[in-house]
Amino acid sequence: MKVLKVNGKDYIVKFTSKTIQELNSQGVTLIQLTNDLQEMKVDNLYKAFHGALKSMQHDITMDKALSIIDEYYEENEDNDIESFFNIVIEEYSSAMGLGKKFKEMMKQSKVEVK
């Protein structure tokens, strides 16, 4: 679980087993997210982020999740798509019990952004 602070407001990014199962049934997997990072595809990333927010705040809409993402980018010029992907991917992998192992794999392969 990670607390993402955007414009002074805290948002809990947490993947539960239920969230992961729902995302997987939509084709949003950890491997797919890492592939999407390389190609800068955001659809699955944004679905995953919405799912993670929704696991703790059940009534959050996709529109609100997208607004939070916009605010995240606008708030700080260091907040870029790669850092956002990493937040989501790290939390997703941790929820699957792969946190440490996945971080090591990412360091070894060092995903390159095109």
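**View 1. The whole protein chain and its surface.** The protein chain exposes about 6,800 Å², and carbon and sulfur atoms supply 47% of that area; accessible areas come from the Shrake-Rupley method with a 1.4 Å probe, and for residues only the protein chains shown count as cover. Please keep in mind that this is a predicted model, in which local features need pLDDT of at least 70 and side-chain atom pairs count only at pLDDT 80 or more, while totals for chains, interfaces and linings use all residues. Residues are numbered from 1 along each chain as its sequence is written, and side-chain values use heavy atoms, with hydrogens and water left out.

View 2. Starting at the N terminus, the elements run β-β-α-α-α-α-α-α, giving six helices and two strands (helices are DSSP runs of H or I with at least four residues, strands runs of E with at least two, numbered from the N terminus). The radius of gyration is 13 Å, close to the 13 Å from the globule rule for 114 residues, so the chain is as compact as a globular protein of that length. That radius is taken over C-alpha atoms, and the rule is 2.2 Å times the number of residues to the power 0.38. Along its principal axes, the C-alpha trace spans about 35 × 35 × 25 Å. Of the 114 residues, 37% are buried (buried is under 20% relative accessible area, exposed over 50%, partly exposed in between, with a 1.4 Å probe and protein chains only).

View 3. Asn7 sits in the loop between β1 (2–6) and β2 (9–13). Its phi is near 50 degrees, a positive value in a residue other than glycine. Look also for the side chains of Lys5 and Asp10, which meet in a salt bridge (2.8 Å, N to O); the term means a side-chain nitrogen of Lys or Arg within 4 Å of a carboxyl oxygen of Asp or Glu. Asp10 counts as partly exposed, at 44% relative accessibility.

**View 4. The loop between α2 and α3, and the second pair.** Met40 lies in the loop between α2 (30–39) and α3 (43–54). This Met40 also has a positive phi, near 60 degrees, and is partly exposed with a relative accessible area of 28%. Here the side chains of Lys41 and Glu39 meet in a salt bridge (3.4 Å, N to O). Lys41 is partly exposed at 44% relative accessibility, and Glu39 is partly exposed at 46%. The structure holds two salt bridges.
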